[in-house]
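Biologist: Hi! Could you walk me through this model while I have it open?
Modeller: Happy to, go ahead and ask.

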Amino acid sequence: MSQIMSQTLLQIRDLSIVYPGARANVAALCDLSLEVAAGECLGLVGESGSGKTALLLAILGLLPRSAQVRGSICYRGRELLGLEARQFNDIRGTRIAMVFQDSMSALNPYMRVIDQLSEVPRVHGGLSRRAAEQRALDMIEAVHIGEPRRRARQYPHELSGGMRQRVMIAMALIGEPDVVLADEPTTALDVTVQAQILSLLQEMRGRTGAALVLVTHDLGVVAQLADRVGVMRAGQLLEQARCAQLFSHPQHPYTQALLRAVPRMDAYP
Amino acid sequence: MGRWQRVRSHRGAVLAGGVLLLLALSSVIVPALSPYDYYTPQLQFISLPPTLHGAHLLGTDPLGRDLLIRVLWGIRISLLIGLAASCISVVVGVLWGAIAGYAGGAIDALMMRAVDVLYSVPFVPFVIVLTVLFGHQLWLMFVAIGAVSWLDIARIVRGETLSLKRREFIEAARVSGVRAARMIRTHIVPNLLGVVIIYATLTVPSVILFEAFMSFLGLGVRAPLASLGSLIADGASDMQAHPHLLLVPAVVLATIVYCFNFIGDGLRDALDPHERP
């Protein structure tokens, strides 16, 4: 186990992202350095605008063309920055995949669930339509969607929010990636469904052994899932620590403030 | 419910489709069975009024040709031009617009400037030049109308594609490693269908009307062949004495245009998965 844990999959060095603006340039990330080891769960917390999403987009090469990027993002020692779109497509989906926040807008409304899921194995694995659909069905079953055969033939709007998020997770995992980036995967859901989705993420992580980068502003989610936590603010990584340590001994004043800001059931009004 | 069932549950569309089918079928079958044709003048039967008892149900025109047969031939020509030109313009327009919009940058600029250039070509002189160069032929109408009617669709589709491109599911598909050609085919074009169908059903009647206009100018179908447009033009010149020569083709044309609008409505409801009854 420790041997697997020690292998670094993603290595980000001094990453800076600047969006050129009409009046002034906006820095989304400033000299951020970060590592993701195989199989671990890294939680990234921070307020809106702290650069969490920009970081994920940069890893997948989805930043707008106008963005100025410096630094380096290495996946298994291979530099991703400046990679051609064609080469990037070999990494997307099968090496690094992503779970989006809003499953309603992240699923094509005109495609049935099964077509959408089988797209990845058809594009990458070169599987036949039949084989890819079988793979998709297996995946729908694996994420515990009831009546998988019927659900597979339906369109996204016919599914509940929780089911759609399960589909998103299935879509991310169907290409058997080693790194899954999750951008606020539970924010759009209500609390009971959130808990189900979190336990599903946990279960799938155990089953596939993929590393999970969990971006969220919910400290409760991080406490449940993450091995390590990074706290971000204004494009910088303020603090990185093992999960338990961060909650018990926060080092940075901002982290301390963040922890104090969490509403508690037992607090006096 | 399948898509087809949803189309069928739209009564207006079914009725309109039935009317169009009836018109199209009778335009093929009736002239084949009738003793009359659309071109032979019968000078003893000039300008007969419509009648239920005589041989000519809708009367005859000033050259003694049976109006029913001429109108049915007109329906055939008008529908053919309307459908063919619309199909060409939808296919070309959607592909052109989707590729330009999805590719963006220099390719987009180049493709859309080509559209602008074609827009600025004065259309009627262009058709006259074509007629002079190639003679008076029906396929020229297809080429001429096809060459201009896809421009609007291309512009609309490009605009829609630009906004689709920013949607999250496109990003999600890119994350899955989907390449550009497949992206346009499976993610962009199906999401454009609603807009395209509404626009296409507007294109069919406008193409039919355009053909009528060209025929009125003498640039459309060549006499003695008739289209609804040329029949209306002929009828208009004689409308005081024989109003039925104008009314019959005009009513038929209006019916066809009306039916296409209804069908467009039904198709849009059926193809949009959100608006299920």
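Biologist: Let's start with a sheet in chain A: what is the strand order in the open sheet of 6 strands?
Modeller: The order is β6-β7-β8-β3-β9-β10 in chain A, and the pairing is mixed. Helices (H or I, at least four residues) and strands (E, at least two) are DSSP runs, numbered from the N terminus. Two strands pair if DSSP finds at least two bridges between them. Before we go on, this is a predicted model: local features need pLDDT of at least 70, side-chain atom pairs count only at pLDDT 80 or more, and totals for chains, interfaces and linings use all residues. Residues are numbered from 1 along each chain as its sequence is written, while chains are lettered from A and ligands numbered from 1 in the order in which they are written.

Biologist: Which strands stand at the edges?
Modeller: Those are β6 (96–99) and β10 of chain A; each has a single partner strand, so one side of each is left without a neighbour in the sheet.

Biologist: And how much are neighbouring strands turned against each other?
Modeller: By 20° on average, direction ignored. Axes here are lines fitted to C-alpha atoms, for helices over the stretch in contact, and angles run from 0 to 180 degrees between N-to-C directions.

Biologist: Parallel or antiparallel for β3 and β8 of chain A?
Modeller: Parallel: β3(A), residues 41–46, and β8(A), residues 211–216, pair over 5 bridges. Within that pair, Val45(A) has Thr216(A) as its bridge partner.

Biologist: Which strands does helix α12 of chain A touch?
Modeller: Helix α12(A) (residues 253–260) packs on the sheet against β9 (228–233) and β10 of chain A, at about 100° to the direction of β9(A). Helix α8(A) (residues 161–173) lies across β6 and β7 (179–183) of chain A and runs at about 175° to β6(A).

Biologist: I clicked on Gln236(A). Where is it found?
Modeller: Gln236(A) is in strand β10(A), residues 236–242. Gln236(A) has 17 C-beta neighbours inside 10 Å, so it counts as partly exposed. The cut-offs are 20 or more other C-beta atoms within 10 Å for buried, 12 or fewer for exposed, and partly exposed in between, with C-beta atoms placed from the backbone.

Biologist: What is Gln236(A) in contact with, leaving aside neighbours within four places in sequence?
Modeller: Cys30(A) and Leu32(A). Contact means that the C-beta atoms, placed from the backbone, lie within 7 Å.

Biologist: New topic: what order do the strands take in the open sheet of 4 strands?
Modeller: That one runs β2-β1-β4-β5 in chain A, with antiparallel pairing. Its edge strands are β2 and β5 (78–79) of chain A, each pairing on one side only. Helix α2(A) (residues 52–59) packs on this sheet and touches β1, β2 and β4 of chain A, with its direction about 65° from that of β2(A).

Biologist: How many bridges hold β1 and β2 of chain A as a pair?
Modeller: There are 8, in the antiparallel sense, between β1(A) (residues 8–19) and β2(A) (residues 26–37). The two strands form a hairpin with 6 residues between them, and Ile12(A) stands opposite Leu34(A) in β2(A).

Biologist: Zooming out, how many helices and strands does chain A have?
Modeller: Chain A has 12 helices and 10 strands. The radius of gyration of chain A is 19 Å, close to the 18 Å that the globule rule gives for 269 residues, so chain A is as compact as a globular protein of that length. That radius is taken over C-alpha atoms, and the rule is 2.2 Å times the number of residues to the power 0.38.

Biologist: Which residues touch the most other members of the largest nonpolar core?
Modeller: Ala170(A), Val179(A), Val180(A), Val213(A) and Leu214(A), out of 146 residues in that core. Its largest share, 18 residues, comes from helix α3(B), residues 67–103. A nonpolar core is a set of buried Ala, Val, Leu, Ile, Met, Phe, Trp, Tyr and Cys residues joined through C-beta atoms within 7 Å.

Biologist: Last one: how many residues does each chain give to the contact between A and B?
Modeller: Chain B gives 18 residues and chain A gives 24. On the chain B side, the largest share, 6 residues, comes from α7(B).

Definitions and conventions:
Contact = placed C-beta atoms within 7 Å.
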